[in-house]
Amino acid sequence: MSNLLPSNYVDFHSKDYWDTFFINRNNKTFEWYGETQHLLSYVTNTMNLHDQILNVGCGNSELSADLYDHGFAGIVNIDFSPVVIEEMNRKNGSRDMVYLEMDVTDLQFDDGSFDVVFDKGALDAIFSEDTPEIVDTVSKMFNEIHRVLGENGKYVCITLAQDFIIQKLLESHVEGWDITVQKIENLPRSELYPFYIVLQKNSSTEPGNIKFDFLNVEETFSVEESINIIKDVHYESSVKKNISGANNFVQIKLAGADGSTTKYILTVVNLKESLSGRFNGKCAAFIVPRGREHEFLFSTIEGQQQLADQCNYKRLIIVSLSREHDFEDMETVQQELSPKILSLAIDKNEKIPFLSTAEGIGNRTLVGEHISSLTGKLIIEEIEDEEDMFRRLIFLNNPHLIQSEAKIDSEGNIDFGYLSFDHQKVMISTFLFIYEKTVKSDNAIDLLMVGLGSGSFPMFISEYLPRVVASIVELDPAVSLVASKYFGLKESSTMNIIIGDG
């Protein structure tokens with residue numbers, strides 16, 4: 001097959017190339033994006049037997065002949081290669097079906113002649129590169145398709161939907177069009193999903209609806225959101241090749257509906273064997289409670305391996321919920337994730353259980369955020385466990401690391417007597433040894449600290465070691481601002497904040 005492909009994408013626009021292509025095929029059918037058996041259910045759900053159908057860029061595909069045999073009698077096929085038109089007229093002499101040599105950018109039909117324009121790979125072949133000349137050709141193609149379609153007519157486009165192609169396709173069909181996007185999922189040996197996109201005329205001058213059947217939601221999406229959803233599908237399909245092995249770890253990031261930020265992080269863990277000798281099932285999903293993403297069990301390969309062994313499924317999909325999105329409850333999360341999880345399952349017919357801890361999705365509240373010119377976005381969040389409330393500072397460039405943590409008392413104030421991290425307790429223990437050595441002295445103890453964080457550690461010293469005069473050097477002014485605003489940091493005669501490089 002590789003010797004038939006062009007050496008340059010420009011050749012896709014050449015009649016000579018396609019004539020040579022079909023001659024070299026020697027009457028062997030070439031099917032773009034699936035054979036009739038893979039596409040028939042999509043076609044019969046979107047087209048009627050009595051429709052007048054224009055099949056553009058027909059090539060030597062057998063699809064039209066198969067559709068004719070299924071009762072679709074009104075099919076006109078066009079291609080700009082005279083070689084393939086001669087071949088197809090010869091092959092289909094027994095069928096009352098037309099094959100014409102014609103360019104899709106210059107259709108020789110009256111306005112409103114067809115109910116459906118069917119495009120199986122023609123747009124992708126024409127739109128081989130994102131250049132001004134090709135974009136102009138595609139615009140002419142769309143204009144001609146719009147012209148020959150009748151009232152409520154449908155442009156059915158099967159495409160791999162590369163970024164620049166889907167953007168042009170959707171942006172050219174905003175006002176006066178309703179759009180439905182489906183994935184063609186049953187193709188053998190396919191690493192990419194072609195999309196079956198139905199663009200139907202309506203009488204409105206307002207932007208139409210864009211729906212995605214495979215998302216199992218009723219809502220409609222903007223052009224920008226739709227492009228990001230399709231990017232997400234491409235990203236998902238690109239990693240599927242890597243999750244079939246044993247004992248491997250593959251991470252997948254799924255964007256929210258707006259496409260701008262990651263909503264879910266999926267880590268796929270495959271097990272070669274069960275520690276108990278028998279797996280509980282082929283696949284399960286584990287929802288990490290919000291606020292616990294940083295823990296060993298959920299954030300490290302070793303911990304995830306342990307979690308997979310404990311759950312005892314051949315494939316475990318560990319799901320972390322992004323800080324930048326809100327989540328209503330476990331049921332809502334499961335409903336949104338189910339199609340994604342199923343697409344990654346070993347057996348598509350097996351029911352996939354959703355596992356978690358007793359906390360479910362957990363309880364995390366966004367308190368505030370700030371943009372640092374040095375480290376990007378800073379997140380301030382509150383996490384509630386069974387007994388206590390904690391406020392945390394997170395740098396989103398390292399979201400699994402808790403930069404600082406403070407305890408909130410029953411009145412909603414910062415508890416400066418609480419030290420969250422073991423290294424802080426070790427530092428205080430060491431420093432107390434020095435402090436006690438000078439307990440009989442009235443002299444101040446000068447302390448230099450490099451790095452402020454939330455300020456919880458210097459505030460502990462200020463509260464409980466009154467003879468310490470601390471100077472804290474912090475490189476990032478945004479961190480100092482956050483510490484003051486959200487963590488109760490206050491400068492005093494015994495504590496001075498210096499913005500600079502320590």
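Reader: What is the relative accessible area of G451?
Author: G451 has a relative accessible area of 33%, so it is partly exposed. Buried means under 20% relative accessible area, exposed means over 50%, and partly exposed lies in between, with a 1.4 Å probe and protein chains only. The model is predicted: local features need pLDDT of at least 70, side-chain atom pairs count only at pLDDT 80 or more, and totals for chains, interfaces and linings use all residues. Residues are numbered from 1 along each chain as its sequence is written, and side-chain values use heavy atoms, with hydrogens and water left out.

Reader: Where is G451 placed?
Author: G451 belongs to the loop between β19 (445-450) and α13 (456-464). Helices (H or I, at least four residues) and strands (E, at least two) are DSSP runs, numbered from the N terminus.

Reader: Which residues is G451 in contact with, leaving aside neighbours within four places in sequence?
Author: They are I472, V473 and E474; contact means heavy atoms within 4.5 Å.

Reader: Let us change topic. What is the strand order in the open sheet of eight strands?
Author: The order is β3-β2-β1-β4-β5-β7-β6-β8, and the pairing is mixed. β3 (98-101) and β8 (210-212) stand at the edges with a single partner strand each, so one side of each has no neighbour in the sheet. From one strand to the next, the twist averages 20°. For angles, axes are lines fitted to C-alpha atoms, for helices over the stretch in contact, and values run from 0 to 180 degrees between N-to-C directions.

Reader: How many bridges join β2 and β3?
Author: Four; β2 (residues 75-79) and β3 pair in the parallel sense. D79 has E101 in β3 as its bridge partner. Helix α4 (residues 82-91) packs on the sheet and touches both β2 and β3, its direction making about 165° with that of β3.

Reader: Which residues of α2 are buried?
Author: In helix α2 (residues 36-46), these are T36, H38, L39, Y42, V43 and T46. Seen down the axis of α2, they fall within an arc of 140°, so they line one face; the arc is that of the directions from the helix axis to the C-beta atoms. Q37 and N45 are exposed, on the face turned away from the buried side of α2. The elements covering the buried residues of α2 include α3 (63-69), β4 (114-120) and β5 (149-159).

Reader: Which members of the largest nonpolar core touch the most others?
Author: Of its 45 residues, they are L54, F109, L123, Y155, L169 and F212. A nonpolar core is a set of buried Ala, Val, Leu, Ile, Met, Phe, Trp, Tyr and Cys residues joined through side-chain atoms within 4.5 Å. Helix α6 (residues 132-148) gives the most to this core, with six residues. Another core, of 33 residues, lies apart from it, with F395, L419, I461 and I497 among them.

Definitions and conventions. Two strands pair if DSSP finds at least two bridges between them.
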